[in-house]
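Dear colleague,

I am handing over the structure we spoke about, together with some notes on what was found in it. Please keep it open beside this message as you read.

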Amino acid sequence: RVARVGGTGGFDYVYADTVNRRLYVPRTGPGGRVTVYDLDRLDSVGTIANTNARGVAVDVASGHGYASSKPLAMWDARTLAPMHTVDVQGGPDGILADPFNGRIWVFSHGAPNATVVDGATGAVVGTVDLGGAPEQAVSDGRGHLYVDIEDKDNIAVVDARTLAATTHYDLAGRGGTCAGLAFDVANRVLFATCRNPATMVALSADDGHVITTLPIGVGTDGAAFNPATREVFSSNGDGTLTIVRENTPTDFVVAQTVRTTPGAKTLTLDARSNRVLLIAAEYGPPTAPPPAGAPPGRPNRGPMVPGSFAIWVVGR
């Protein structure tokens, strides 16, 4: 299913609030805002205005939503009513709600790498040096976070109690420039999706040893694990969704490669319906050659085609 919802502005992460049945899509640039859709019908239900953000997270315990803008926007996730803003340093990018202690983790490629906010009050409780540029993060719900460090080709292990990185799992040349991270919490297996080479690296969350690697599409920027179906997903900028099946905690296979659309490189999982949702738009022809050193899988493109922005839904 494809819902062409249109709208202007750039975009990065997409986020499904499965409790309140909302889908959040931040739109960047002039007129920056977070657009909100009904997660089931995909029709518009509201906007978080004056918010130039890259991502969204919702703290389920307090019912508060946060956007990785500067300052952070905070709202009531049930009504979408604005609450207040939170001043932070760095360049807010990725964001994660940690159910362990109801805190919001805001990630930045520059210092501080992570800013930690109390989900109930919005108070900043500390910052964390992750030793590099963080991308996606996951929580085990028991006091540990795992963050892929894109420019160091490793996974940072973070103590959520002390707000400190305790170790880093080196991917040992099996995957580089990793931008997506998924987690089978029950079996303690991490899945890092990487761009160079284009691989999914499965590794132990307990000691970091690499279990296996599998091929994925080019230009990954997101990953998710569905415990109900034992599937791992990698959304790739080349217009594919790689689906890996977990046969056992040590046996994995690429089960399917689904054709989506070029640029659909981020995803979110609606675990209630077992659907994966991705976002993308169409672009005109490029007006200049690609810049030197452009990452693999990043398209060289012209202006966005008006009205082309769409939500892609992949179901079983």
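Between which two strands does the loop that holds Pro197 lie? Before the answer, one caution: this is a predicted model, and every value below was computed from it. Pro197 sits in the loop that runs between strand 19 (189-194) and strand 20 (199-204), and the peptide bond that joins Asn196 to Pro197 is cis, with an omega of about 0°. A cis peptide bond also joins Lys70 and Pro71, where omega is about 5°, and Pro71 has its place in the loop between strand 7 (64-67) and strand 8 (72-76). As background for these bonds, most peptide bonds are trans, and most residues other than glycine have a negative phi.

The overall picture

The protein has 28 strands and 0 helices. Its radius of gyration is 18 Å, close to the 20 Å that the globule rule gives for 316 residues, and the protein is therefore as compact as a globular protein of that length. Along the principal axes, the C-alpha trace spans about 45 × 45 × 40 Å. Of the 316 residues, 55% are buried, and when contacts between residues at least 6 apart in sequence are considered, 43% of them join residues at least 24 apart. The accessible surface comes to about 12,500 Å², and carbon and sulfur atoms account for 51% of that surface. As for charge, there are 26 positive and 30 negative side chains, and the centres of these two sets lie 6 Å apart.

Asp170 belongs to strand 17, which covers residues 164-170. Its relative accessibility is 51%, and because a residue counts as exposed when this value is over 50%, Asp170 is classed as exposed. Not counting residues up to four places away in sequence, Asp170 touches Asp153 and Asn154; Lys152, which is 18 residues away from Asp170 in sequence, has its C-alpha 8.4 Å from that of Asp170. The side chain of Asp170 also reaches the backbone nitrogen of Ala172, at 2.9 Å.

Ala172 itself lies in the loop between strand 17 and strand 18 (178-184), and at 56% relative accessibility it counts as exposed. The phi of Ala172 is near 50°, which is a positive value in a residue other than glycine. Thr177, whose place is in the loop between strand 17 and strand 18, likewise has a positive phi near 50° without being a glycine. Thr177 has a relative accessible area of 27%, and it is partly exposed.

Is Ala280 buried or exposed? With a relative accessible area of 2%, Ala280 is buried, and it is found in strand 27, which covers residues 275-280. Leaving aside neighbours within four places in sequence, Ala280 is in contact with Phe11, with the residues Thr261, Pro262, Gly263 and Ala264, and with Ser308, Phe309 and Ala310. Thr250, on the other hand, is 30 residues from Ala280 in sequence and 33 Å from it in space, C-alpha to C-alpha.

Terms used: Residues numbered from 1 in each chain as written. Predicted model: local features only at pLDDT ≥ 70, side-chain atom pairs only at ≥ 80, totals over all residues. Heavy atoms only, no water. Helix = DSSP H or I, 4+ residues; strand = E, 2+ residues; numbered from the N terminus. Rg over C-alpha atoms; globule rule 2.2 N^0.38 Å. Buried < 20%, exposed > 50% of the residue type's maximum accessible area, 1.4 Å probe, protein only. Contact = heavy atoms within 4.5 Å. Areas by Shrake-Rupley, 256 points an atom, 1.4 Å probe, with all protein chains shown as cover. Lys, Arg positive; Asp, Glu negative; His and termini not counted. Charge placed at Lys NZ, Arg CZ, Asp CG, Glu CD. Polar contact = N/O pair within 3.5 Å; in protein donor to acceptor, adjacent residues only side chain to side chain.
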